[in-house]
Amino acid sequence: MRLIITRHGETQGNVKQVLADIHDLLTPNGIRQAEKVAHRLKNEKINAIFSSPIKRAEETARIIAIGHPKAKFIIVDELKEMELGSYLNKGFHEVDWELMPKDVENKTSLFLRAEIIVERALKEYPNGTVL
């Protein structure tokens, strides 16, 4: 399997440098960024596109998917962003990732979710390309 990993385009939270909630959408620049990634990937044979259900990620993935109409589009809950708890809406420089409060998802949980997705992609598309 070939795995291509992308991140969503720029959001207002990115511009403000805060850990934004799930409703933070792409900025016009973020849409342009997604379109650039779509252009870069236009000649790739992508079999499946796995996306977070978070709107900024799904919007980015759907922009890329326009150039890959045969790719299966799959919304995957395990690709949701880290549960931020009390870190939500704090500035990037206000948080301590080494001493996270108990209400913030721990790294082990985050890595386990990532492992589930990689294993699923490998099982379903062993000879394919997955975004």
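Q: Is Leu-19 buried or exposed, and what is its relative accessible area?
A: The model is predicted, so that local features require pLDDT of at least 70 and side-chain atom pairs count only at pLDDT 80 or more, while totals for chains, interfaces and linings use all residues. Residues are numbered from 1 along each chain as its sequence is written, and side-chain values use heavy atoms, with hydrogens and water left out. Buried means under 20% relative accessible area, exposed over 50%, and partly exposed in between, for a 1.4 Å probe and protein chains only. Leu-19 is therefore buried, its relative accessible area being 14%.

Q: Where is Leu-19 placed, and which residues is Leu-19 in contact with beyond its neighbours within four places in sequence?
A: Leu-19 belongs to the loop between α1 and α2; helices (H or I, at least four residues) and strands (E, at least two) are DSSP runs, numbered from the N terminus. Contact means heavy atoms within 4.5 Å. With neighbours within four places in sequence left aside, the residues in contact with Leu-19 are Leu-84, Tyr-87, Leu-88, Asn-89, Lys-90, Phe-92, Val-95 and Trp-97.

Q: What is the C-alpha to C-alpha distance between Leu-19 and Val-95?
A: Val-95 is in contact with Leu-19. The two residues are 76 residues apart in sequence, and their C-alpha atoms are separated in space by 9.4 Å.

Q: How many aromatic pairs does a search of the whole structure find?
A: A pair of aromatic rings is described by the distance of the centres and the angle of the planes. Rings of Phe, Tyr and Trp (its six-membered ring) pair if their centres lie within 6.5 Å; planes under 30 degrees apart count as stacked, over 60 as edge-to-face and the rest as tilted. For the whole structure, the number of aromatic pairs found is 2.

Q: Which arrangement describes the rings of Phe-50 and Tyr-125?
A: Phe-50 lies in strand β2 (residues 48-51) and Tyr-125 in the loop between α4 and β4 (129-130), 75 residues apart. Both residues are buried. Their ring centres are 6.4 Å apart and the planes stand at 75°, so the pair is edge-to-face.

Q: What is the angle between the ring planes of Tyr-87 and Trp-97?
A: Both Tyr-87 and Trp-97 are in the loop between β3 and α4, 10 residues apart. Tyr-87 is buried at 6% relative accessibility, whereas Trp-97 is partly exposed at 34%. The pair is edge-to-face, with 5.4 Å from centre to centre and an angle between the planes of 85°.

Q: At what angle do helix α2 and helix α3 pack?
A: Axes are lines fitted to C-alpha atoms, for helices over the stretch in contact, and angles run from 0 to 180 degrees between N-to-C directions. The axes of α2 (residues 28-40) and α3 (residues 55-65) are 8 Å apart, and the helices pack at an angle of about 40°.

Q: Which term describes the orientation of α2 to α3?
A: Angles under 35 degrees count as roughly parallel, over 145 as roughly antiparallel, 65 to 115 as roughly perpendicular and the rest as oblique. With a packing angle of about 40°, α2 is therefore, relative to α3, oblique.

Q: Which residues of α3 does α2 meet?
A: From α2, the residues involved are Ile-31, Ala-34, Glu-35, Val-37 and Ala-38. Their partners in α3 are Glu-59, Thr-60, Ile-63 and Ile-64.

Q: What is the C-alpha separation of Arg-56 and Ile-22?
A: Arg-56 lies in helix α3 and is buried, with a relative accessible area of 3%. Beyond its neighbours within four places in sequence, Arg-56 has contacts including His-8, Asp-21, Ile-22, Asp-24 and Glu-81. Arg-56 and Ile-22 are 34 residues apart along the chain, and their C-alpha atoms are separated by 8.0 Å.

Q: What is the phi of Asn-89?
A: Most residues other than glycine have a negative phi. Asn-89 is in the loop between β3 (72-75) and α4 (107-124), and is partly exposed at 48% relative accessibility. Although Asn-89 is not a glycine, its phi is positive, at about 65°.
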